[in-house]
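Trainee: Please put the model on screen. I would like to go through its strands and rings with you.

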Amino acid sequence: MAEAAGVTSPWIRRFHPSADAPVRLACFPHAGGSASFYFPLSQALAPAVDVITLQYPGRQDRRHEPGIGDLHELADVLVEELRPWTDLPLVLFGHSMGASLAFEVGRRLEREGTAPAALVASGRRAPSRHRDEYVHQRDDEGLVRELKELSGTEPGVLGDEELLRMILPAIRSDYRAAETYKYRPGSDLSCPVHTLVGDRDPKVTVDEARSWADHTSGPFELTVFDGGHFFLAPHAAEVNRILADRARAHARSTAGA
């Protein structure tokens, strides 16, 4: 096994290292999100699953770095960062923009011959289901309104004017990447894809989520939750169970190979 734990990178956070885990889960945050969003998930799955989370530039300890406003460019960078972590079966999990990003990273890894074990895509329409959205072009007040409406940003952040102004450039960059993303037809995935969606999500309909089935030649599963865009919070236990089950399934299939 490669010594992935020794890899240091500003892009990777590993909150609960699990050296003996038979499978790894890579988590991709939503637009404006940070690696710490997945700390509770990492804690819940350790030590059975080795969880790593991505930290995009422009936030927290990387707040002085410019964001990357192109999702394809971001995916190219992340493939390089994740390659050392493919010594174990790698399940990809992303929410909202993170789902599109995880998909693009998975495509690139598969083209290199290191296909992900599975993709869990949450709160995001299928790559081929484009919407014209322009939140990234709003003024600061308009961007803050969007964050409040989606209820995915901590109230303490929204109430701290100085902190909010500090992170808005990164949030705008993420929204630009998500909203200008265009699916490029070509080879998709061969791994299982499991899609999670809230039944009242203003950003994705159940039908748009179901279209993820068109982007893999492997098995597809859809789970619909009661809730909006950030249904993850009230349904954390169920989401954690799905991710743990998905990871365990691939750990078993690898051990039996």
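Trainee: In which sense do strand β4 and β5 pair?

Mentor: This is a predicted model, where local features need pLDDT of at least 70, side-chain atom pairs count only at pLDDT 80 or more, and totals for chains, interfaces and linings use all residues. Residues are numbered from 1 along each chain as its sequence is written, and side-chain values use heavy atoms, without hydrogens and water. Strands are DSSP runs of E, at least two residues, and helices are runs of H or I, at least four, numbered from the N terminus; two strands pair if DSSP finds at least two bridges between them. β4 (residues 90-95) and β5 share 5 bridges, and the sense is parallel.

Trainee: Which residue stands opposite A121 of β5?

Mentor: Look at β6. β5 and β6 pair in the parallel sense over 4 bridges. The residue opposite A121 is T195.

Trainee: Why is the pair of F103 and Y183 tilted?

Mentor: Rings of Phe, Tyr and Trp (its six-membered ring) pair if their centres lie within 6.5 Å; planes under 30 degrees apart count as stacked, over 60 as edge-to-face and the rest as tilted. Here the centres are 6.3 Å apart, and the pair is tilted because the planes stand at 40°.
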